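Hello,

Here is the structure I promised to pass on.

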Amino acid sequence: IKEVAIKPIKFDRITTVVHDFIIDVPSLTLSSVPYGIEGLEFVDPILIINLDNQIKIDNTLTFNLESLLEGEVVSILALEIVLNIPDDFNTSANTMITIQGDSYTVSNGQTENVYTLEDGSNGPITLTEFLENTSDELRVSGQASLNGTGYLEPGDQASISGNFGLKVPFT
(Lines give C-alpha, C1' and ligand atoms only; values in the text may rest on other atoms or scores of the structure.)
Protein backbone atom coordinates (compact mmCIF):
# COMPACT_ATOMS: atom_id res chain seq x y z
CA ILE A 1 0.00 0.00 0.00
CA LYS A 2 1.50 3.24 -1.13
CA GLU A 3 -1.03 5.72 0.14
CA VAL A 4 -4.09 5.84 2.41
CA ALA A 5 -6.50 8.74 2.26
CA ILE A 6 -9.29 9.45 4.73
CA LYS A 7 -12.00 11.76 3.52
CA PRO A 8 -13.92 14.04 5.89
CA ILE A 9 -16.97 12.40 7.44
CA LYS A 10 -20.19 14.36 7.73
CA PHE A 11 -22.79 13.17 10.25
CA ASP A 12 -26.49 14.02 10.05
CA ARG A 13 -26.67 13.66 13.82
CA ILE A 14 -24.60 12.38 16.73
CA THR A 15 -26.23 10.27 19.42
CA THR A 16 -25.10 11.27 22.89
CA VAL A 17 -25.10 9.71 26.33
CA VAL A 18 -24.78 12.33 29.06
CA HIS A 19 -24.32 11.68 32.79
CA ASP A 20 -25.22 14.46 35.25
CA PHE A 21 -24.17 17.44 33.15
CA ILE A 22 -25.39 20.41 35.26
CA ILE A 23 -26.22 23.83 33.81
CA ASP A 24 -26.98 26.65 36.26
CA VAL A 25 -30.03 28.70 35.37
CA PRO A 26 -29.38 32.43 35.88
CA SER A 27 -31.25 33.67 38.95
CA LEU A 28 -33.82 36.43 38.86
CA THR A 29 -34.47 38.64 41.90
CA LEU A 30 -37.57 40.78 42.36
CA SER A 31 -37.05 43.35 45.11
CA SER A 32 -39.44 45.81 46.74
CA VAL A 33 -42.22 43.22 46.77
CA PRO A 34 -45.33 44.87 48.26
CA TYR A 35 -46.62 43.42 51.52
CA GLY A 36 -50.20 43.48 50.26
CA ILE A 37 -53.24 45.36 51.37
CA GLU A 38 -54.45 44.93 54.94
CA GLY A 39 -57.74 43.07 55.15
CA LEU A 40 -57.38 41.24 51.82
CA GLU A 41 -56.89 37.49 51.75
CA PHE A 42 -55.58 35.40 48.84
CA VAL A 43 -58.10 32.77 47.73
CA ASP A 44 -56.73 29.82 45.75
CA PRO A 45 -53.94 31.53 43.73
CA ILE A 46 -52.54 29.72 40.69
CA LEU A 47 -48.98 30.04 39.35
CA ILE A 48 -48.51 28.74 35.80
CA ILE A 49 -45.02 28.25 34.36
CA ASN A 50 -44.78 27.43 30.66
CA LEU A 51 -41.42 26.11 29.39
CA ASP A 52 -40.26 25.41 25.83
CA ASN A 53 -37.31 23.05 25.61
CA GLN A 54 -35.15 22.71 22.48
CA ILE A 55 -32.53 20.40 24.06
CA LYS A 56 -32.94 16.90 22.66
CA ILE A 57 -31.39 15.14 25.66
CA ASP A 58 -33.25 13.91 28.77
CA ASN A 59 -33.43 16.99 30.99
CA THR A 60 -34.52 17.61 34.59
CA LEU A 61 -35.04 21.16 35.82
CA THR A 62 -34.68 22.01 39.51
CA PHE A 63 -36.65 25.18 40.09
CA ASN A 64 -36.40 27.21 43.34
CA LEU A 65 -38.69 30.07 44.33
CA GLU A 66 -37.49 31.81 47.50
CA SER A 67 -39.24 34.40 49.64
CA LEU A 68 -36.79 36.64 51.57
CA LEU A 69 -37.13 39.26 54.29
CA GLU A 70 -34.13 41.51 54.97
CA GLY A 71 -31.83 39.03 53.18
CA GLU A 72 -33.00 35.96 55.15
CA VAL A 73 -34.95 33.14 53.45
CA VAL A 74 -38.47 33.01 54.90
CA SER A 75 -39.84 30.25 52.67
CA ILE A 76 -38.74 28.25 49.64
CA LEU A 77 -40.61 26.20 47.06
CA ALA A 78 -38.35 23.63 45.39
CA LEU A 79 -39.72 21.84 42.33
CA GLU A 80 -38.10 19.06 40.32
CA ILE A 81 -39.46 18.88 36.79
CA VAL A 82 -38.67 16.34 34.08
CA LEU A 83 -38.90 18.40 30.89
CA ASN A 84 -40.60 17.22 27.74
CA ILE A 85 -37.98 16.77 24.99
CA PRO A 86 -38.52 17.46 21.28
CA ASP A 87 -38.83 14.58 18.85
CA ASP A 88 -37.69 14.33 15.22
CA PHE A 89 -40.72 16.33 14.03
CA ASN A 90 -40.57 19.28 16.45
CA THR A 91 -37.87 21.86 17.19
CA SER A 92 -39.13 22.35 20.76
CA ALA A 93 -41.32 20.62 23.32
CA ASN A 94 -43.62 22.28 25.84
CA THR A 95 -43.89 21.52 29.56
CA MET A 96 -46.50 23.32 31.69
CA ILE A 97 -46.23 23.48 35.49
CA THR A 98 -49.37 24.53 37.38
CA ILE A 99 -48.91 25.31 41.08
CA GLN A 100 -52.17 25.45 43.01
CA GLY A 101 -53.13 24.67 46.59
CA ASP A 102 -50.74 22.13 48.13
CA SER A 103 -49.53 20.56 44.87
CA TYR A 104 -48.05 21.16 41.45
CA THR A 105 -48.90 19.45 38.18
CA VAL A 106 -46.37 18.85 35.40
CA SER A 107 -48.00 18.36 32.00
CA ASN A 108 -46.49 17.79 28.56
CA GLY A 109 -49.75 17.68 26.60
CA GLN A 110 -50.05 13.90 26.80
CA THR A 111 -49.39 13.06 30.47
CA GLU A 112 -49.87 14.82 33.79
CA ASN A 113 -48.03 14.11 37.03
CA VAL A 114 -49.07 15.63 40.36
CA TYR A 115 -46.60 16.31 43.20
CA THR A 116 -46.90 17.73 46.73
CA LEU A 117 -45.51 21.23 47.38
CA GLU A 118 -42.72 21.28 49.97
CA ASP A 119 -41.26 24.27 51.84
CA GLY A 120 -37.62 23.17 51.75
CA SER A 121 -37.06 20.97 54.81
CA ASN A 122 -40.10 22.42 56.66
CA GLY A 123 -42.58 20.05 55.04
CA PRO A 124 -45.79 20.62 53.09
CA ILE A 125 -46.95 24.15 52.20
CA THR A 126 -49.68 25.66 50.04
CA LEU A 127 -49.14 28.33 47.42
CA THR A 128 -51.41 30.61 49.46
CA GLU A 129 -49.19 30.18 52.55
CA PHE A 130 -46.08 30.86 50.48
CA LEU A 131 -47.54 34.07 49.02
CA GLU A 132 -48.84 35.27 52.40
CA ASN A 133 -45.35 35.17 53.97
CA THR A 134 -44.06 38.65 54.73
CA SER A 135 -41.17 39.27 52.34
CA ASP A 136 -39.40 42.13 50.63
CA GLU A 137 -37.74 40.07 47.90
CA LEU A 138 -38.51 37.05 45.70
CA ARG A 139 -35.72 35.07 44.04
CA VAL A 140 -36.07 32.48 41.27
CA SER A 141 -33.13 30.16 40.53
CA GLY A 142 -32.40 26.61 39.48
CA GLN A 143 -30.40 24.11 37.48
CA ALA A 144 -30.94 22.01 34.39
CA SER A 145 -29.44 18.54 34.64
CA LEU A 146 -28.82 16.71 31.37
CA ASN A 147 -28.75 13.01 32.13
CA GLY A 148 -29.55 10.42 29.51
CA THR A 149 -29.56 9.65 25.83
CA GLY A 150 -30.29 12.16 23.11
CA TYR A 151 -28.77 13.59 20.00
CA LEU A 152 -27.11 16.66 18.57
CA GLU A 153 -27.42 17.92 15.04
CA PRO A 154 -25.04 20.19 13.12
CA GLY A 155 -25.57 23.83 14.07
CA ASP A 156 -27.68 23.01 17.16
CA GLN A 157 -28.03 26.00 19.48
CA ALA A 158 -30.71 24.70 21.80
CA SER A 159 -32.18 26.54 24.78
CA ILE A 160 -34.90 26.42 27.41
CA SER A 161 -37.21 29.44 27.51
CA GLY A 162 -40.55 30.23 29.03
CA ASN A 163 -42.96 32.53 30.75
CA PHE A 164 -45.15 32.55 33.82
CA GLY A 165 -48.48 33.91 34.98
CA LEU A 166 -49.87 34.38 38.48
CA LYS A 167 -53.63 34.44 39.08
CA VAL A 168 -54.33 35.86 42.54
CA PRO A 169 -58.02 36.11 43.39
CA PHE A 170 -58.69 37.72 46.78
CA THR A 171 -61.48 38.57 49.18
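Two strands count as paired if DSSP finds at least two bridges between them, and strands themselves are DSSP runs (E, at least two residues; helices are H or I, at least four), numbered from the N terminus. This is a predicted model, where local features need pLDDT of at least 70 and side-chain atom pairs count only at pLDDT 80 or more, while totals for chains, interfaces and linings use all residues. Residues are numbered from 1 along each chain as its sequence is written, and side-chain values use heavy atoms, with hydrogens and water left out.

**The sheet.** Four strands form an open, antiparallel sheet in the order β1-β8-β3-β4. β1 (14–31) and β4 (72–82) each have a single partner strand, so one side of each edge strand lacks a neighbour in the sheet. Inside the sheet, β3 (residues 57–69) and β8 (residues 137–152) are joined antiparallel by 11 bridges. Glu 66 faces Arg 139 in β8.

**Two loop residues.** Which residues have positive phi without being glycine? Asp 44, with phi near 50°, sits in the loop between β1 and β2. Glu 70, at about 50°, belongs to the loop between β3 and β4. Asp 44 is partly exposed at 40% relative accessible area, and Glu 70 is exposed at 70% (buried is under 20%, exposed over 50%, partly exposed in between; 1.4 Å probe, protein chains only).

Best wishes
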